[in-house]
Amino acid sequence: MNASEAMVSDQVNLTFFKWWCNANYGGNIWPDVDAINKEFGGRNLNSSRTFLVNGSEDPWQWASNTDFMRGPITSYLVDCTDCGHCVDLSPISTSDSLNLTQTRALIAANITGWLNNPSYYDELYY
């Protein structure tokens, strides 16, 4: 996607948000990212039956694991026009992109597998 089609300006970046927080809340209030990642696992999630989905135009995708594939944890990036935050949770429509339709099918297949055989992933990966 080129910059003229982007949902959010490339000027809205980490530097901007640090400035914005300091300007609006005063002082240095930026979080201790290392401490948060240590507590919650960061990019090394210890989880099972987890499906991470991000839209290609979702501004939160950069805070997510967008390329994670480890056993029962799978990450998908839905790449389509107007694929913003929680696009996979929106109602199904005949105008949905092929990529969004396929991602929803993968989510449904995984959930069905988890419900039909709760120990399936545990047997494979743990």
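## A walk through the predicted chain

Let's begin with confidence: the protein chain has a mean pLDDT of 82, and 84% of its residues reach 70 or more, where pLDDT is the predictor's confidence in each residue, from 0 to 100. This is a predicted model, in which local features need pLDDT of at least 70, side-chain atom pairs count only at pLDDT 80 or more, and totals for chains, interfaces and linings use all residues. Residues are numbered from 1 along each chain as its sequence is written, and side-chain values use heavy atoms, with hydrogens and water left out. Where pLDDT is low, the predicted coordinates should not be read in detail.

Now for the layout. The protein chain contains four helices and three strands, and from the N terminus on they come in the order α-α-β-β-β-α-α. Helices (H or I, at least four residues) and strands (E, at least two) are DSSP runs, numbered from the N terminus. Of the 126 residues in the protein chain, 26% are buried; that word means under 20% relative accessible area, while exposed means over 50% and partly exposed is in between (1.4 Å probe, protein chains only). The chain exposes about 9100 Å², with carbon and sulfur atoms supplying 57% of that area. Accessible areas come from the Shrake-Rupley method with a 1.4 Å probe, and for residues only the protein chains shown count as cover. As for how the chain meets itself, take the contacts (heavy atoms within 4.5 Å) between residues at least 6 apart in sequence: 45% of them join residues at least 24 apart.

Phe17 sits in helix 1, and it counts as partly exposed because its relative accessible area is 38%. Phe17 belongs to a nonpolar surface patch of about 800 Å², together with Met7, Val8, Val12, Trp19, Trp20, Tyr25 and Ile29. A patch here is made of residues with over 30% relative accessible area and no salt bridge; like charges are joined within 9 Å, and nonpolar side chains (Val, Leu, Ile, Met, Phe, Trp, Tyr) within 5 Å. Next comes helix 2 (residues 33–40): zero of its eight residues are buried, so it lies largely in the open.

Leaving out residues up to four places away in sequence, Phe51 touches Thr74, Tyr76, Thr103, Leu106, Ile107, Asn110 and Trp114. Val53 is in strand 1, and with the same exclusion of residues up to four places away, Val53 touches Tyr76, Val78, Asp88, Thr103 and Ile107. Val53 and Ser75 are 22 residues apart in sequence, yet their C-alpha atoms are 5.8 Å apart.

Stay with helix 3 and look for Arg104, which lies there. Arg104 counts as buried because its relative accessible area is 13%. What does Arg104 form a salt bridge with? The partner is Asp96, with the closest N and O atoms 2.5 Å apart; a salt bridge is a side-chain nitrogen of Lys or Arg within 4 Å of a carboxyl oxygen of Asp or Glu. By that rule the count comes to one, and both Asp96 and Arg104 are buried. Apart from neighbours within four places in sequence, Arg104 also contacts residues including Val87, Asp88, Ser90, Pro91 and Ile92. Its C-alpha lies 8.7 Å from that of Leu89, 15 residues apart along the chain.

Last stop: the loop between strand 3 (73–78) and helix 3, where you find Asp82. Asp82 has a positive phi of about 65 degrees although it is not a glycine, and at 56% relative accessibility it counts as exposed. Cys86 is found in the loop between strand 3 and helix 3 too. Cys86 is not a glycine, but has a positive phi of about 60 degrees, and its 36% relative accessibility makes it partly exposed.
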